[in-house]
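Trainee: I have a structure open and would like to talk it through with you. Could we start with the rings and then move on to other parts?

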Amino acid sequence: QVEVAESGGGLVQAGGSLRLSCVVSGNIFGIDSMGWYRQAPGKQRDMVATVTSAGTTDYVDAVKGRFNISRDNARNTGYLQMNSLKPEDTAIYYCYANVRLVSSSGRLYNYWGRGTQVTVSS
(Lines give C-alpha, C1' and ligand atoms only; values in the text may rest on other atoms or scores of the structure.)
Protein backbone atom coordinates (compact mmCIF):
# COMPACT_ATOMS: atom_id res chain seq x y z
CA GLN A 1 0.00 0.00 0.00
CA VAL A 2 2.92 2.30 0.74
CA GLU A 3 5.81 2.45 -1.67
CA VAL A 4 9.23 3.97 -1.16
CA ALA A 5 11.09 4.39 -4.43
CA GLU A 6 14.68 5.58 -4.77
CA SER A 7 16.19 6.93 -7.94
CA GLY A 8 19.18 8.89 -9.12
CA GLY A 9 21.95 6.39 -8.65
CA GLY A 10 24.49 5.68 -11.31
CA LEU A 11 28.13 5.75 -12.27
CA VAL A 12 30.15 8.87 -11.57
CA GLN A 13 33.83 9.74 -11.46
CA ALA A 14 35.54 10.63 -8.21
CA GLY A 15 34.89 14.25 -7.34
CA GLY A 16 31.56 14.27 -9.12
CA SER A 17 28.05 14.65 -7.78
CA LEU A 18 24.78 12.76 -7.74
CA ARG A 19 21.39 13.55 -6.30
CA LEU A 20 19.28 10.69 -5.02
CA SER A 21 15.53 11.00 -4.74
CA CYS A 22 13.14 9.08 -2.52
CA VAL A 23 9.45 9.28 -3.36
CA VAL A 24 6.93 7.96 -0.86
CA SER A 25 3.52 7.12 -2.27
CA GLY A 26 0.33 5.66 -0.90
CA ASN A 27 -2.49 6.54 1.44
CA ILE A 28 -0.54 8.36 4.12
CA PHE A 29 -0.99 11.40 6.30
CA GLY A 30 2.63 12.36 5.98
CA ILE A 31 6.20 11.49 6.82
CA ASP A 32 7.62 11.97 10.30
CA SER A 33 11.26 11.27 9.50
CA MET A 34 13.22 9.82 6.64
CA GLY A 35 16.77 9.08 5.69
CA TRP A 36 19.33 7.08 3.84
CA TYR A 37 21.41 4.01 4.56
CA ARG A 38 24.03 2.42 2.37
CA GLN A 39 25.56 -1.01 2.03
CA ALA A 40 28.81 -1.73 0.26
CA PRO A 41 29.74 -5.24 -0.88
CA GLY A 42 30.71 -7.39 2.09
CA LYS A 43 29.78 -4.72 4.62
CA GLN A 44 26.88 -3.90 6.92
CA ARG A 45 24.13 -1.49 6.06
CA ASP A 46 25.04 1.80 7.75
CA MET A 47 23.22 5.04 8.32
CA VAL A 48 24.27 7.85 6.02
CA ALA A 49 21.92 10.71 6.76
CA THR A 50 18.57 11.36 8.40
CA VAL A 51 16.16 14.27 8.56
CA THR A 52 13.26 14.73 10.95
CA SER A 53 9.92 16.32 10.21
CA ALA A 54 11.26 19.45 11.90
CA GLY A 55 14.24 19.55 9.58
CA THR A 56 16.89 18.33 12.00
CA THR A 57 19.63 16.47 10.15
CA ASP A 58 22.24 13.95 11.12
CA TYR A 59 25.13 12.54 9.08
CA VAL A 60 27.69 9.84 9.42
CA ASP A 61 31.14 11.37 9.87
CA ALA A 62 32.39 10.02 6.55
CA VAL A 63 29.99 12.19 4.55
CA LYS A 64 29.83 15.36 6.63
CA GLY A 65 30.56 18.40 4.50
CA ARG A 66 29.96 16.46 1.29
CA PHE A 67 26.39 15.17 1.48
CA ASN A 68 23.22 17.09 2.17
CA ILE A 69 19.85 15.58 3.02
CA SER A 70 16.64 17.49 2.39
CA ARG A 71 12.94 16.91 1.95
CA ASP A 72 9.96 18.29 0.09
CA ASN A 73 6.97 17.60 2.30
CA ALA A 74 4.46 18.71 -0.33
CA ARG A 75 5.74 16.00 -2.65
CA ASN A 76 6.45 13.36 0.02
CA THR A 77 9.95 13.27 -1.37
CA GLY A 78 13.39 13.20 0.17
CA TYR A 79 16.73 13.94 -1.42
CA LEU A 80 20.35 13.15 -0.81
CA GLN A 81 22.72 15.51 -2.59
CA MET A 82 26.12 13.85 -2.81
CA ASN A 83 29.11 16.00 -3.72
CA SER A 84 32.84 15.34 -3.92
CA LEU A 85 32.13 11.66 -4.29
CA LYS A 86 34.83 9.16 -3.45
CA PRO A 87 35.27 5.54 -4.52
CA GLU A 88 34.54 4.50 -0.93
CA ASP A 89 31.05 5.96 -1.33
CA THR A 90 30.25 3.13 -3.72
CA ALA A 91 27.29 1.22 -2.32
CA ILE A 92 23.63 0.50 -2.67
CA TYR A 93 21.76 3.40 -1.10
CA TYR A 94 18.46 2.69 0.62
CA CYS A 95 15.81 5.18 1.60
CA TYR A 96 13.55 4.75 4.61
CA ALA A 97 10.53 6.73 5.67
CA ASN A 98 8.54 6.76 8.90
CA VAL A 99 5.00 7.43 7.74
CA ARG A 100 1.58 7.99 9.26
CA LEU A 101 -0.98 5.72 7.61
CA VAL A 102 -4.50 6.93 6.89
CA SER A 103 -5.79 3.36 7.07
CA SER A 104 -4.38 2.89 10.58
CA SER A 105 -5.61 6.12 12.16
CA GLY A 106 -2.27 7.79 11.76
CA ARG A 107 -0.17 4.97 13.20
CA LEU A 108 3.53 5.30 12.48
CA TYR A 109 5.22 2.70 10.29
CA ASN A 110 8.67 2.43 8.79
CA TYR A 111 9.08 1.60 5.12
CA TRP A 112 12.16 0.90 3.04
CA GLY A 113 12.92 1.26 -0.63
CA ARG A 114 14.65 -1.36 -2.73
CA GLY A 115 17.84 0.63 -3.11
CA THR A 116 19.70 2.40 -5.87
CA GLN A 117 23.26 1.65 -6.89
CA VAL A 118 25.88 4.36 -6.63
CA THR A 119 29.25 3.59 -8.17
CA VAL A 120 32.16 6.02 -7.95
CA SER A 121 35.14 5.33 -10.15
CA SER A 122 38.68 6.54 -9.59
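This is a predicted model: local features need pLDDT of at least 70, side-chain atom pairs count only at pLDDT 80 or more; totals for chains, interfaces and linings use all residues.

Trainee: OK, and how is the pair of Tyr 96 and Trp 112 arranged?

Mentor: The ring centres of Tyr 96 and Trp 112 are 5.5 Å apart and their planes are at 45°, so the pair counts as tilted. Tyr 96 lies in strand 9 (residues 91-101) and Trp 112 in strand 10, so this pair ties together parts that are 16 residues apart in sequence.

Trainee: Is Tyr 96 buried or exposed?

Mentor: Tyr 96 is buried, because its relative accessibility is 10% and the cut-off for buried is under 20%.

Trainee: How many aromatic pairs are there in the whole structure?

Mentor: A search of the whole structure gives 3 aromatic pairs. One of them joins Tyr 37 and Trp 112 edge-to-face, with 5.2 Å from centre to centre and 70° between the planes. That pair links distant parts of the chain, since Tyr 37 is in strand 4 and Trp 112 is in strand 10 (residues 108-112), 75 residues apart.

Trainee: And which residues end up in a cluster through ring pairs?

Mentor: Tyr 37, Tyr 96 and Trp 112 are linked into a cluster by ring pairs.

Trainee: Which rings does the charged end of Arg 45 sit over?

Mentor: The charged end of Arg 45 sits over the ring of Tyr 94, 3.5 Å from its centre, and also over the ring of Trp 112, 5.7 Å from that ring's centre.

Trainee: New topic, then: what is the volume of the largest pocket?

Mentor: The largest pocket has a volume of about 160 Å³. Its lining includes Arg 38, Gln 39, Met 47 and Glu 88, and strand 4 (28-39) and strand 5 (45-52) each supply at least two of the lining residues.

Trainee: How do the lining residues divide by type?

Mentor: The lining of the largest pocket divides into 4 nonpolar, 3 polar and 4 charged residues.

Trainee: Last one: where is Thr 57 found, and what does it touch?

Mentor: Thr 57 is found in strand 6 (residues 57-59), and, leaving aside residues up to four places away in sequence, Thr 57 touches Thr 50, Val 51 and Ile 69. Thr 57 is partly exposed, with a relative accessible area of 37%.

Terms used: Residues are numbered from 1 along each chain as its sequence is written. Side-chain values use heavy atoms; hydrogens and water are left out. On a 1 Å grid over the protein atoms alone, a cavity is a set of points where a 1.4 Å probe fits but cannot get out, and a pocket is an open set with protein on both sides within 12 Å along at least five of seven lines; lining residues have an atom within 4 Å of a point. Grid points are joined across faces, edges and corners, and a volume is the space filled by probe spheres set on the points. Helices (H or I, at least four residues) and strands (E, at least two) are DSSP runs, numbered from the N terminus. Ala, Val, Leu, Ile, Met, Phe, Trp, Tyr, Cys and Pro count as nonpolar, Asp, Glu, Lys and Arg as charged, and the others, Gly among them, as polar. Buried means under 20% relative accessible area, exposed over 50%, partly exposed in between (1.4 Å probe, protein chains only). Contact means heavy atoms within 4.5 Å. Rings of Phe, Tyr and Trp (its six-membered ring) pair if their centres lie within 6.5 Å; planes under 30 degrees apart count as stacked, over 60 as edge-to-face and the rest as tilted. A charge sits over a ring if NZ of Lys or CZ of Arg is within 6 Å of the ring centre and within 35 degrees of the ring normal.
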